[in-house]
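The model described is predicted.

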Amino acid sequence: ASSLPSPMQAAARNVVIFFASGCFWGRQHDFVTRIEQQLLGRGVANISSLAGYAGGRKVGAGGRVCHYNSNESDVYATLGHAEAVQLIIPEGHVHDAAAVYFNGGFIQIGPDVWAREDYRDQGPAYRALIGLPGGIHSNLLEQVRRANVHNMSLQVGLGDDADTFGLNTVWVLDSNHFVFHQAEECLQFHDLQDPLPYSHAYKALRGELVRTRRIIPTGCPLPYDCEPVLID
């Protein structure tokens, strides 16, 4: 008898996965609106997509991993991590999440070469990666392969991996080994740096997830992106 779950079992069983490609604000918005709300019909009480950091081998003081801050404390890029988004979805919908990732997280920059959409952000902190239980040997990888419409190279990630820009590559990491670290509260459900802001309802999710402790304090200093803008 096959040890693989039936399609019905797979659809019902949840899995925790993470994706990274450039700035995490765009990826978080995609997964919340297109996967959790539109596809899965989730209400506020069941939203799981969180911005954070993954893929590094090190953590800072007390296990902290932080965004850029005036203290230069435990900065994720220095610790080898990339900006990422973690979500909890039924196993049978990994293909859908991966399809949103490949279709929304990349633009064509050359013949058969795809790279993150926010190409101005350079360096390993913005590299493309996917975290699955079991990594490249995960039984979920086939769903990712089917969603890989740009035929990007899926390579084994070892942690602290190099930038993928211009290489048409996505690192695949074992999420059982490489832990996802939630980003600071003020960076969750944030507008992308774009002229068109996200909806008020979307940004209001932050307060609800803080209230229900699905977003927890990180102990990190206030990130630069959250500091008040002083006007002379």
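## Aromatic pairs

With ring centres required to lie within 6.5 Å, the count comes to 12 aromatic pairs. The rings of tyrosine 53 and tyrosine 76 have centres 4.7 Å apart and planes at 20°, so this pair is stacked. The pair links distant parts of the chain, 23 residues apart: tyrosine 53 belongs to strand 2 (residues 50–54), while tyrosine 76 sits in the loop between strand 2 and strand 3 (82–90). Both tyrosine 53 and tyrosine 76 are buried.

Tyrosine 198 and tyrosine 202 form an edge-to-face pair, because their ring planes are at 75° with the centres 5.3 Å apart. Both of these residues, tyrosine 198 and tyrosine 202, are buried.

Phe19, Phe31, Tyr101, Phe102 and Phe106 are linked into a cluster by ring pairs.

Helix 3 spans residues 94–104 and is mostly covered, with eight of its 11 residues buried. Tyr101 and Phe102 are among the buried residues of helix 3.

## Asparagine 168

The loop between strand 7 (153–156) and strand 8 (169–174) contains asparagine 168. Its relative accessibility is 10%, so asparagine 168 counts as buried, the limit being under 20%.

The side chain of asparagine 168 reaches the backbone oxygen of aspartate 112 at 3.4 Å. Leaving aside neighbours within four places in sequence, asparagine 168 is in contact with Asp112, Val113, Trp114, His150, Asn151, Met152 and Ser153.

Technical notes. Residues numbered from 1 in each chain as written. Predicted model: local features only at pLDDT ≥ 70, side-chain atom pairs only at ≥ 80, totals over all residues. Heavy atoms only, no water. Buried < 20%, exposed > 50% of the residue type's maximum accessible area, 1.4 Å probe, protein only. Helix = DSSP H or I, 4+ residues; strand = E, 2+ residues; numbered from the N terminus. Phe/Tyr/Trp six-rings, centres within 6.5 Å; stacked < 30°, edge-to-face > 60°. Polar contact = N/O pair within 3.5 Å; in protein donor to acceptor, adjacent residues only side chain to side chain. Contact = heavy atoms within 4.5 Å.
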